[in-house]
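Okay, everyone, thanks for coming. Let me put the model up on the screen and walk you through some of the packing.

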Amino acid sequence: MLLPAFRHGLRGAFAAFFLMASLPAFADAFDDEVARLGQAKASFGHDIDAEGKVADFVKAGLGAFEIPHAGAERLKKIMVNGYDYWTAARAGKEAGQDPQLSDFNKFFIKSMLDSVSPKELVRLKRMLGTNAAAAKAIKDAGIDVTDAVAGALPDGQARDVIEAAAIAAIDSLCPTCAVGRTAAVIALNEGRKLRAVFEDDRTRALYEAWKQGDGQLPQGLRGGDAVYVAARRAIEEARAAAGQEGEVSEADVERAILARFDSWRRGEAVGRTRAEMLARAKPDYDRLDDGQRRLFGPDPKAQAAGFAKEFLDAWDTLKQVMGDRPAPPSLVQDAVFLALTRADPSLTMADWRNRLRQIARSHGWPDPFPLDPTGVRERVSRRLKQLNHYKMEAVFDTIGVPDAVRKNLYGCLCSQVPHGVGVGFIYAPSNGKPCLSVGGFGTWSEAFPTLEIAYDACFEAVRVPPATGKEPVPFDEYLSGRLTGKAN
């Protein structure tokens with residue numbers, strides 16, 4: 001019979017063992033995700049040639065529509081990794097339509113529109129309004145062109161019209177895009193068919209032999225080898241589906257196989273690099289609380305995978321903003337912070353952009369979303385006149401306008417509120433309104449004045465030194481300087 005103390009200790013040991021065994025395997029799930037990224041099979045994904053053709057097409061499209069390239073990497077991933085990209089083109093072909101000019105194009109436009117900000121959408125509307133093909137598409141949709149260009153349509157209807165206009169205008173705006181679409185469709189179509197050919201042990205063994213060799217095709221792969229024959233058939237089918245008939249040469253097959261082997265080797269290198277980056281984030285992942293982990297998924301496996309995706313996207317974004325500058329020691333923590341921002345459903349894209357700006361500013365990097373200085377002061381003046389006190393505070397908080405500077409403006413605006421003899425207004429927020437009456441007739445609150453002349457007077461009166469030793473400038477000029485990085 002066991003002694004009570006020994007029996008109690010044994011029971012405690014078993015309890016601890018089962019407790020540890022039942023805890024969510026956070027560490028194991030994270031390590032599994034790191035291992036998955038680093039495995040060779042990660043290289044059996046998209047063909048490098050296809051990625052290059054898609055990337056060229058996306059860049060051409062972005063350039064044609066004058067959309068800033070801040071979202072280019074995200075858009076490229078949508079296009080490269082989206083299986084819908086190929087299936088949409090295929091569906092258009094089966095419906096008797098040209099896949100390069102219908103569903104395929106529509107998917108690109110929709111992805112592009114989903115990647116830009118509302119401000120950029122307004123600019124896109126104006127630009128499309130000057131294009132004959134776009135104007136026709138808008139007119140055919142039964143929409144007044146003036147309203148469409150002015151951005152007066154409801155969001156849903158506006159996006160439908162702009163999408164239709166962009167589809168109609170893309171070739172006239174970007175003649176090279178038609179060529180790019182065709183090349184991308186063929187590359188993706190070939191990649192999908194060849195992937196089925198190459199996913200077997202025989203090809204992987206040949207690939208390993210190729211890596212160890214001099215870069216030439218292994219002898220066993222030539223001629224009548226089953227892989228070689230299947231590759232030829234896949235290329236023929238892919239080209240036929242894209243509307244390009246014709247004989248496939250021996251050289252075409254060899255180029256396709258070598259391109260696939262090279263893409264696998266590149267994929268392995270990328271996988272290892274990204275696995276190493278993710279492994280560096282493990283201490284930060286371990287420190288996340290349960291609520292933060294649940295932002296990425298419902299269980300340990302999903303959380304690890306979700307975190308890995310958002311972290312690596314954030315890492316890519318930061319590296320792009322950083323450019324050739326040395327990486328700061330906090331880069332991993334910055335990427336984790338940005339990943340949490342993107343995963344949090346209570347935060348918006350504007351929050352994400354603001355946090356990215358904060359990180360860039362803390363390291364002395366350039367603004368990732370720079371403003372065009374042309375006409376900034378005029379736009380600042382016009383926009384401020386449309387904001388209430390609450391919205392002004394939010395804008396000034398984001399830009400970093402000091403309290404003393406903004407309160408000088410607020411005080412001036414309150415002094416411009418219409419009033420009778422013996423009554424004035426000062427800045428003293430109360431009951432949701434910023435201006436409080438002073439005088440012998442009681443007290444009440446008012447909003448900022450609505451007359452533009454009042455704002456113009458205060459912009460001129462409230463002058464701010466932009467930097468040490470410089471002459472004070474009007475408030476709207478100072479604010480435009482803050483926005484464009486031209487003032488302290």
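Let me start with a definition: a crossing is left-handed if the near helix is turned anticlockwise from the far one by less than a right angle, and right-handed if clockwise. Helices here are DSSP runs of H or I with at least four residues, strands are runs of E with at least two, and both are numbered from the N terminus.

Some housekeeping. This is a predicted model, so local features need pLDDT of at least 70 and side-chain atom pairs count only at pLDDT 80 or more, while totals for chains, interfaces and linings use all residues. Residues are numbered from 1 along each chain as its sequence is written, and side-chain values use heavy atoms, with hydrogens and water left out.

The overview, then. The secondary structure comes to 24 helices and five strands. Of the 488 residues, 40% count as buried, and buried means under 20% relative accessible area, with exposed over 50% and partly exposed in between, using a 1.4 Å probe on protein chains only. Contact means heavy atoms within 4.5 Å. Among contacts between residues at least 6 apart in sequence, 62% join residues at least 24 apart.

Now, α24, residues 475–484. Which residues of α24 are buried? They are F475, D476, Y478, L479, S480 and G481. Those buried residues pack against helices α20, α21, α22 and α23, plus strands β4 and β5.

Take α20 with α24: the axes come within 9 Å and cross at roughly 115°. Axes are lines fitted to C-alpha atoms, for helices over the stretch in contact, and angles run from 0 to 180 degrees between N-to-C directions. The crossing of α20 and α24 is right-handed. On the α20 side the contact uses V376, R377, V380, S381 and L384, and on the α24 side F475, D476, E477, L479, S480, L483 and T484. By class, that contact has six nonpolar, three polar and three charged residues. For the classes, Ala, Val, Leu, Ile, Met, Phe, Trp, Tyr, Cys and Pro count as nonpolar, Asp, Glu, Lys and Arg as charged, and the others, Gly among them, as polar.

Next pair: α22 (403–415) and α23 (452–461) have axes that come within 9 Å and cross at roughly 140°. That makes α22 oblique to α23, and the crossing is right-handed. L409, C412 and L413 of α22 meet A454, Y455, C458, F459 and A461 of α23. What classes do we get there? Eight nonpolar, no polar and no charged.

On to the rings. Phe, Tyr and Trp rings (the six-membered one for Trp) pair if their centres lie within 6.5 Å; planes under 30 degrees apart are stacked, over 60 edge-to-face, and the rest tilted. The whole structure has 14 aromatic pairs. One of them, F296 with F307, is edge-to-face, at 5.4 Å centre to centre and 85° between the planes. F296 sits in the loop between α16 and α17 and F307 in α17, so the pair ties together parts 11 residues apart in sequence. F296 is buried at 10% relative accessible area, and F307 is buried at 0%.

Technical notes
Angles under 35 degrees count as roughly parallel, over 145 as roughly antiparallel, 65 to 115 as roughly perpendicular and the rest as oblique.
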